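Please look over the model shown below before reading on.

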Amino acid sequence: MREIELKFEIDDPTLKRLRAQVRASKLSTGAARTRTLRSTYFDTPEHALRAAGFSLRLRRDGRRWIQTVKTTAAPNGGLADVGEVENPAPGGRLCLEAIPDETIRDTILHAVNGSALQPVCETVIRRQAKEVTLEDGTRAELAIDVGEIHAGERTEPLREAEIELIEGDRRGLFDIAHLLFPDGGLRFSRLSKSARGFLLAERGWIDPPLAPRNAQTVPLDPNETAELAARDILRECFDQVATNMVVMQRLDDPEGPHQLRVGLRRLRSAFSVFAPVLKSPEMTRLQDEARWLGHVVGGLRDLDVVTNDIIRREAETHPDQPGLAALDAPLRQHADAVRKEVAETLTGARAQAFVLDLTRFVETRGWILPADFDQSRRLATPIARLAETALAAHWKKAGKCARRIEKLTVEQRHDLRKELKKLRYAVDFLSPLYSRKAIDPFRKRLRKIQNVLGALNDSVIVAATLESTDLDAIDDRQVQRAIGWVIGASQARAEGCWEEAKARWRDLEESPQFWKKAG
């Protein structure tokens with residue numbers, strides 16, 4: 001059988017709100033069932049079962065002992081879809097030969113290969129569960145787990161909520177989550193209990209240390225369908241966005257806003273790359289929401305750049321200008337206030353609805369439109385063919401923006417920078433389809449012109465940030481002089497950057513367009 005569930009990490013305040021919301025939502029009319037579950041997870045000394053993609057568990061549920069084998073695939077966007085095989089375990093004894101599925105039994109026996117099985121970790125959970133039902137007939141079990149994970153002498157608390165599908169479509173799980181968490185504040189659970197237990201045994205913690213998450217390359221097969229490639233790339237974009245949303249809520253790290261904005265831009269670029277095959281109104285709506293959230297985060301990121309990079313650089317380069325150091329304090333105070341506002345937005349209902357709807361879109365094929373009779377053909381397009389078309393289209397847009405480059409206005413230069421950034425993201429997404437020898441010359445030249453245009457954009461950010469921040473009220477001539485100094489210096493530097501940018505564009509034009517087929 002398959003176990004399909006949405007999993008969330010919860011803290012005590014969230015737990016209290018969740019219980020109240022269950023009562024208020026009227027999703028369930030029955031009484032909750034409370035029981036204590038004690039589960040022990042086993043493996044060989046070399047963890048051969050985990051390497052083979054399985055977990056083996058003995059659970060005591062009341063007076064019953066149950067042996068369970070599960071696949072160990074990590075949840076995607078909080079949605080876990082794992083295979084599960086259970087059988088009674090009289091006396092709480094393991095018996096691999098009793099596994100009812102012959103294929104899984106043979107695989108397990110081959111992986112163990114006669115090695116002794118030993119306990120790795122144990123969970124002791126007090127589970128409160130009740131059935132919830134939607135008007136469309138979707139039935140699910142809401143389980144609230146409160147307990148501990150033990151591994152040797154190590155113990156960590158565990159708080160989770162799981163919405164497990166009983167009957168209906170998995171999309172209903174997200175509808176239930178919307179109803180149970182209407183005000184925001186949820187956090188997806190990315191690890192199974194067994195995975196957390198193994199981490200506790202091996203490393204002493206049940207969650208990897210929280211840190212800003214950079215983009216990662218997604219492997220692609222030239223023969224796979226565009227739909228499959230879209231799913232995997234959108235999963236990666238989601239993970240970067242969702243992780244850095246939590247980072248911004250919990251850590252005071254300027255890299256958090258930077259990586260969140262990058263993640264949102266990459267997400268929008270991925271939507272653009274796959275728009276010809278997906279063609280979904282829901283994708284368009286999510287793209288608009290990503291743009292909104294990017295705008296919210298972008299103001300803070302710009303403040304961080306001006307404060308931590310540009311003002312600091314000018315102060316170190318020109319110590320004879322005391323107003324530069326004096327400008328630092330009010331900017332940081334303003335950035336702290338904006339950071340607090342952004343964190344509140346990220347835990348709010350709209351931002352939460354965005355990430356819930358995004359993972360539902362990715363994990364339930366939210367682009368499927370029954371009335372679109374040509375969709376199946378488009379989704380089956382080989383990714384290699386789509387890549388050629390998408391890269392050519394992005395290159396054409398960039399070339400259009402660079403037309404008559406000698407006479408571009410500041411706004412037109414900004415448009416060129418944005419199109420080249422979109423091209424860069426498209427190249428990054430699709431690079432696994434090409435050899436490094438083919439792609440590296442173009443990618444290196446693209447990166448160089450982006451760096452130059454990024455420095456050019458600093459002058460726009462400096463002027464917009466310093467002019468929009470309430471600094472005029474500061475009655476300090478040195479600070480006011482420093483503001484003018486920084487704006488003037490950044491504009492002068494921009495003019496020099498623009499001359500270099502034009503030369504870098506000519507280099508990029510001469511670089512072979514690796515996506516074009518020879519001949």
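Predicted model: local features only at pLDDT ≥ 70, side-chain atom pairs only at ≥ 80, totals over all residues.

Residues are numbered from 1 along each chain as its sequence is written, and side-chain values use heavy atoms, with hydrogens and water left out.

A search of the whole structure finds 12 aromatic pairs, where rings of Phe, Tyr and Trp (its six-membered ring) pair if their centres lie within 6.5 Å, with planes under 30 degrees apart counted as stacked, over 60 as edge-to-face and the rest as tilted. Two of these edge-to-face pairs share Phe442.

| Pair | Centre to centre | Angle between planes |
|---|---|---|
| Trp395 and Phe442 | 5.6 Å | 70° |
| Phe442 and Phe514 | 5.6 Å | 70° |

Trp395 lies in helix α12 (residues 383-402) and Phe442 in helix α14, so their pair ties together parts 47 residues apart in sequence; helices are DSSP runs (H or I, at least four residues) and strands likewise (E, at least two), numbered from the N terminus. Phe514, in the segment after α15 (477-510), is 72 residues from Phe442. Phe442 is buried at 0% relative accessibility, where buried means under 20% relative accessible area, exposed over 50% and partly exposed in between (1.4 Å probe, protein chains only).

Most residues other than glycine have a negative phi. Lys26, however, has a positive phi of about 60° and is exposed at 70%, while Arg365 has a phi near 55° and is partly exposed at 44%.
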